[in-house]
Amino acid sequence: MNETLALITAELAANAVRHGHVAGRDFHVRLSQGTDAVRVEVSDTRTERVPVLADAEAPGEAESGRGLLIVAGLATRWGVTPRDGAPGKTVWAELRLA
């Protein structure tokens, strides 16, 4: 479970750096544990680039574009919400505790 959560977190953070970066602003990572799941949230300040929640195929021979497919395959559920108290968005994923 630790490795799975680390991979999900790495993919979401990499997406925030690559697609959510705004000069002079950082992204934030938050981990929390509930009674039945662990949740990772990665927030950035870019509002116009929201990931698509639809199922898609891997992009053939492309060297990128599989991060959210990995997240979708590993997480129990994931989604995108507006960032709370600031401009931007939060991409989150939950992993059910076994």
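Residues 24 or more positions apart account for 59% of the contacts in the protein chain with a separation of 6 or more, a contact meaning heavy atoms within 4.5 Å. The model is a predicted one, in which local features need pLDDT of at least 70 and side-chain atom pairs count only at pLDDT 80 or more, whereas totals for chains, interfaces and linings use all residues. Residues are numbered from 1 along each chain as its sequence is written, and side-chain values use heavy atoms, with hydrogens and water left out.

Along the sequence the protein chain follows the pattern α-β-β-α-β-β, where helices (H or I, at least four residues) and strands (E, at least two) are DSSP runs numbered from the N terminus. The 4 strands form an open sheet in the order S1-S2-S4-S3, and the pairing is antiparallel; two strands pair if DSSP finds at least two bridges between them. Strands S1 and S3 stand at the edges, each with a single partner strand, so one side of each is left without a neighbour in the sheet.

| Strand | Residues |
|---|---|
| S1 | 28–33 |
| S2 | 37–44 |
| S3 | 77–82 |
| S4 | 89–96 |

Strands S2 and S4 pair in the antiparallel sense over 8 bridges, and within this part of the sheet Arg39 stands opposite Glu94 in S4. The charged end of Arg39 also sits over the ring of Trp92, 4.3 Å from its centre, the criterion being NZ of Lys or CZ of Arg within 6 Å of the ring centre and within 35 degrees of the ring normal.
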